[in-house]
Amino acid sequence: MPDLSRLSPLKPVLPWALLALGVAAPFALSSYDLNLLARFMAMGILALGLVLIWGHGGILSLGQGVFFGLGGYAIALHMKLADLPAGELPDFMVWSGRESLPFWWTPFASPAFTLAAIILLPTLAGALFAWAVFHRRVGGTYFALITQALSLAFATLIISRQDVTGGFNGLTDFYSIFGVGLASPGTGSMLYWITLTILCVAFVALRWLLASRFGILLRAARDGENRVRFLGYNPTPFKVAAFAIAAMLAGIGGALFTLHAGVVSPALIGVVPSIEMVVWVAIGGRYSLAGAIVGALLVNLARDAVSSAFPELWLYLMGALFIFVVTLLPRGLAGIAKGKAA
Amino acid sequence: MDALFLNQLFNGASLASLYLLAALGLALSFGLMRVINMAHGEMLMLGGYLAWMTLLVVPGALGILLAIPVAFIGAAAMGGFIQSTLIRHLSARPLDTLLATWGVSLILQQGARDLFGAIGVEVRAPEWLTGSFVAFGVTLPSARLFIIAIAALVLGGLALLLLKTRIGLLVRAVNQDRMMASASGIDVKRVDFTIFCLGSGVAGLAGVMLALLGPVTPNVGQSYIIPAFLVVVMGGLGSIIGTTASAIILGLFAALAQIFVDVSVAQMLLLVFVILFIQVRPQGVVAVKTRQLDA
């Protein structure tokens, strides 16, 4: 039995306390605040993936927004089609003068295909991308720079294909999901419970994964990739698998976020948002799953509070947070809780 | 060959010059310290604003020539400040350096937005740079020719510095084996600092060139810096020849791709090209020999 206690600095009180708060929230919060919390929890699912690859795998991805976006756009495509009377085109396509639906939109009319796409599309894209880079033993800083180029290219592509992607404004105005009206009473809290459940399942699964031999190898490859090779392991498949899992979590988070926020757009998934995702985890604590969830919630709450009143201030604050956490608090809040700053 | 092709070839050369000027500093300090300064793009921006301010003080035909040293020194000072206060303390943690300098980049961009406005400022190029030449049926704007010439000069100057001077000798020593260089009495931290200032200065100079092409905005650096990162990835560790070659390849690729597809698809193709390239040569265009286990 692997020792689980080493993994989470705030064992086991914090996860249970968080869960208790999560369960209590629907009874205590207004539906607006509950929706906000659900959004942040969807981001927390993405943050868990970053703990896996960055904290434990040493793989810094500045392109998680791409996978978040793949999940988000997959569900958005479905909702756009589902709300449509037969034979009509989504409004923005009509405005851009398109005559027919692009072929890659059509399968998203099927709920089963959409659900599969939300999970498989980011996973496969992540696996392919990571394999292409890692199997030639390119990693570290190079990998981070390439992921940033990926998120730039992805966002630019979406913006420039206005007629089929909704362009800069993204996709919005959704009315129903799998036959359930989004505005009908009870849908909000039902979606909240679904998000909370997925977050918990992801948390438990990753905890198990990090304690398994897979997790040990991932950490070993992070600390000395060539040494792992000398021991007879090939670390590449492990790194690719970890990246694919993180991409899958990002995609699921993106789909849930889109449901809660009612919009998906390039502004949520481009270069700057992608690197913001890393700061959530840096603040919470890159080695700690619970810390990452806390980080995602706190940063987004702060963002919501600060940027509505002082939009300029938020960027200064964010920059300062990056510098402060990375230089003085590399283990994040989880490190303080454990009594270790570094 | 048709005019469009020649025209894009020329645009590619000037794009490559900008990529080169932006990437040289990154590549040099990456070779020495294994860190990337994400605020390097803001050195371009700083150079652009310094050019604008210089031209406010010294209008006229030669203002732009004065702006070049001003931007170089200003950006070098800013680079030196960032290196000595932040990067030096993080030098053993390359990924953390990336994140911390991204924080610096956000602050500098927002600072510029507050100081100069979000719309940006326009640098009026002097008359001798606004004309154009016609050769082989292609119009060659003087500003772009000027940029290519400056890039060639900077590259030549840097090559002389690295190959013929004492500081160049020290830089090459640290680049090859940091520990041995340090053990033989070289002050590696001072070498780091000098090269960082130099690289930032070159980026500031590149900012002056950007100012000749369009308005200087708070995020003007961002549109050039990500291709410059790809130049570094493809160039090989700290090799000037590798960086130059990969800047030329990527600049030409980006410009020629635009004959067939639009800018956004060209950007995606550029990334795909780099990923395909590292399948063949993961060590970059020029591989620097090293005996380190985990380089």
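Predicted model: local features only at pLDDT ≥ 70, side-chain atom pairs only at ≥ 80, totals over all residues.
**View 1. Helix 2 of chain B packs against helix 4 of chain B.** Helix 2, residues 40-57, and helix 4, residues 94-116, meet at an angle of about 25°, and their axes lie 10 Å apart. Because angles under 35 degrees count as roughly parallel, helix 2 of chain B and helix 4 of chain B are described as roughly parallel to each other. Their crossing is left-handed. On the side of helix 2 of chain B the contact is formed by B:Glu42, B:Met43, B:Met45, B:Tyr49, B:Trp52 and B:Met53, while helix 4 of chain B contributes B:Ser105, B:Leu108, B:Gln109, B:Ala112 and B:Phe116. Sorted by class, the residues of this contact comprise eight nonpolar, two polar and one charged.

**View 2. Helix 2 of chain B also crosses helix 3 of chain B.** The axis of helix 2 of chain B and that of helix 3, residues 63-85, come within 8 Å of each other and cross at roughly 140°, so that the two helices are oblique to each other. The crossing is right-handed. From helix 2 of chain B, the residues B:Met43, B:Leu46, B:Gly47, B:Leu50, B:Ala51, B:Thr54 and B:Leu55 take part, and they meet B:Gly63, B:Ile64, B:Leu66, B:Ala67, B:Val70, B:Ala71, B:Gly74, B:Ala75, B:Met78, B:Gly79 and B:Ile82 of helix 3 of chain B. The residues of this contact divide into 13 nonpolar and five polar, with no charged residue.

**View 3. Helix 7 of chain B meets helix 9 of chain B.** The axes of helix 7, residues 166-176, and helix 9, residues 188-213, come within 10 Å and cross at roughly 110°, which means that helix 7 of chain B is roughly perpendicular to helix 9 of chain B. Helix 7 of chain B makes the contact through B:Ile167, B:Leu170, B:Val171 and B:Val174, and helix 9 of chain B through B:Val188, B:Val191, B:Thr194 and B:Ile195. Seven of these contact residues are nonpolar and one is polar, and no charged residue is present.

**View 4. The largest cavity is lined by residues of chain A and chain B.** The structure holds three cavities of 30 Å³ or more, and the largest cavity has a volume of about 60 Å³. Its lining consists of A:Ala149, A:Leu152 and A:Ala153 together with B:Ile226, B:Pro227, B:Leu230, B:Gln267, B:Leu270 and B:Leu271. At least two lining residues are supplied by each of helix 6 (140-160) of chain A, helix 10 (222-235) of chain B and helix 12 (263-280) of chain B. By class, the lining of the largest cavity has eight nonpolar residues, one polar residue and no charged residue.

Definitions and conventions: Residues numbered from 1 in each chain as written. Chains lettered and ligands numbered in written order. Heavy atoms only, no water. Axes fitted to C-alpha atoms, helices over the stretch in contact; angles between N-to-C directions. Helix = DSSP H or I, 4+ residues; strand = E, 2+ residues; numbered from the N terminus. Parallel < 35°, antiparallel > 145°, perpendicular 65-115°, else oblique. Left-handed = near helix turned anticlockwise from the far one by under 90°. Contact = heavy atoms within 4.5 Å. Nonpolar A, V, L, I, M, F, W, Y, C, P; charged D, E, K, R; others polar. 1 Å grid on protein atoms, 1.4 Å probe; cavity = no way out; pocket = protein on both sides within 12 Å on 5 of 7 lines; lining within 4 Å. Points joined across faces, edges and corners; volume = space filled by probe spheres on them.
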